[in-house]
Amino acid sequence: MIEINACGLSCPEPVVMLAKALKEKPTEVIIHVDAPAACENCTRFATNSGYTVEKSTQENKTVLICRKKH
Amino acid sequence: MTEKKFLIFTGLIIGIISVALTVYGNPANMGFCIACFIRDTAGALKLHTAPVVQYMRPEIVGLVLGAALSALIRREFSPKGGSSPFIRFIIGFFVMTGALVFLGCPFRMILRLAGGDLNALIALIGFIAGIGAGVFFLKRGFSLNRAYPQSKIEGLLFSILQIVFLIVFAAVPTLLVFSTNGPGSMHAPFLLSLAAGLVVGFFAQKSRLCMAGGIRDLFLFKDITLLSGFVAIFVAALIANLTVDQFHLSFDAQPVAHTQHLWNFLGMSVVGFGSVLLGGCPLRQLILSGEGNTDSAMTILGFAAGAAFAHNFNLASSATGATTGGKVVVITALVSLTLIAFFATFKKKENK
């Protein structure tokens, strides 16, 4: 399992970090984001890469749990 | 509605509004131009005194407030800042000077293309090249470091400043300078410009529309989601221009434009490169400032400073072409952006 803190980073750094992590085809990646655009972009990228995405948001911070589809 | 459909819908609305603004008085192919409008506002505030480009553009006020309204309604208002604000100011300064050498921001570049101005096609190639340079560094770890949560008032202040501008415009316009001829004297009625800005700001916030982001994401992730908004603006503005007989296909005699291909190309290369380093195009910076991002507010101050310098030191182009100073500043900008990108990619110490 890989965990990434992408809070406070400008577009598209969170997705670039996620893309790098997904290259290794891990079964699960957790990414923390605090911008709505980053949340949408990471969700889209993970979904297009064959992962399911589970979101939980508290105030302005969102945790995305990306799990590899079987 | 899916993200892409909403982006296309937003792009279509923006394209039509942009042409409508020119029908009602804005300069040709300048329904919106973030660079030109911030430059005009800087002129109205006497930060520069070029007599033909001074007007407090209500569109800018509307864009920021429309974005702030959308962000507040959607609970996305989030005051944050501290991600290399001075570097962002400097990049903003260079992006503005590059835009004023071409004579337009990426938004106006699309509108110029949709009006048949082929010089904008050369600029688009330069813009893509600049984005490519930015992507080169992004792929290797470029970062201006993290932003951190800030106080509510810090995040709201830029929007409050826009309200102050509105009050001054409405109550004591004699404090400001308005052009009596040239592009600065050409504008749609105040309320129409303000409403157009509010609508575009509102939709651009929700859709995350970004003129640089579309091409950047295509390079980085082969993702065309953001690009669809960019294309939709072009299509809608093209159809609207054809409908109102404002489409004239040529290089020569285009409004507020010049035909020096090299400087159109290089000017927009600066804008593309700088926009990727900033994380978004000039329009997106306005939208983010409305969302409470004070790094974007600093970038916009950089735009305003760049505009003031561009006219105080004769760096901005005219219909006859780029000036010597403009050429020097574009080369300086390309070198400076490369150095900034290099140090923020290969020599950075990350703050946790």
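User: How many bridges join strand 3 of chain A to strand 4 of chain A, and do these strands run parallel or antiparallel?

Analyst: A general point comes first: strands of a sheet pair through backbone hydrogen bonds, in either a parallel or an antiparallel manner. Please note also that this is a predicted model. Here, strand 3 of chain A and strand 4 (residues 61-68) of chain A run antiparallel and are joined by 8 bridges.

User: Which residues in strand 4 of chain A are the bridge partners of A:T57 and A:Q58?

Analyst: A:T57 has A:T62 as its bridge partner, and A:Q58 has A:K61.

User: In what order do the strands of the open sheet in chain A lie, and which of them stand at the edges?

Analyst: The open sheet has 4 strands in the order 1-2-4-3, with mixed pairing. Strand 1 (2-5) and strand 3 (51-58) of chain A each have a single partner strand, so one side of each is left without a neighbour in the sheet. From one strand to the next, the twist averages 15°.

User: Which strands does helix 1 of chain A touch?

Analyst: Helix 1 (residues 13-22) of chain A packs on the sheet and touches strand 1 and strand 2 (28-33) of chain A. The direction of this helix makes about 170° with that of strand 2 of chain A.

User: Turning to chain B, at what angle do the axes of helix 5 and helix 10 of chain B cross?

Analyst: In general, two packed helices are described by the angle between their axes and the distance between the axes. In this case, the axes of helix 5 (residues 106-114) of chain B and helix 10 (residues 225-243) of chain B come within 8 Å and cross at roughly 40°. The two helices are therefore oblique to each other, and their crossing is right-handed.

User: Which residues meet there, and how do they divide by class?

Analyst: From helix 5 of chain B come B:I110, B:L111, B:L113 and B:A114. They meet B:F230, B:I233, B:F234, B:A237, B:L238 and B:N241 in helix 10 of chain B. By class, this contact has 9 nonpolar residues, 1 polar residue and no charged residues.

User: Finally, how many residues does the contact take from each chain?

Analyst: Chain B gives 20 residues and chain A gives 16 residues. On the side of chain B, helix 9 (residues 211-221) of chain B supplies the largest share, 5 residues. The chain B side that touches chain A divides into 6 nonpolar, 7 polar and 7 charged residues.

How values were computed: Residues numbered from 1 in each chain as written. Chains lettered and ligands numbered in written order. Predicted model: local features only at pLDDT ≥ 70, side-chain atom pairs only at ≥ 80, totals over all residues. Contact = placed C-beta atoms within 7 Å. Nonpolar A, V, L, I, M, F, W, Y, C, P; charged D, E, K, R; others polar. Axes fitted to C-alpha atoms, helices over the stretch in contact; angles between N-to-C directions. Parallel < 35°, antiparallel > 145°, perpendicular 65-115°, else oblique. Left-handed = near helix turned anticlockwise from the far one by under 90°. Pairing = 2+ DSSP bridges.
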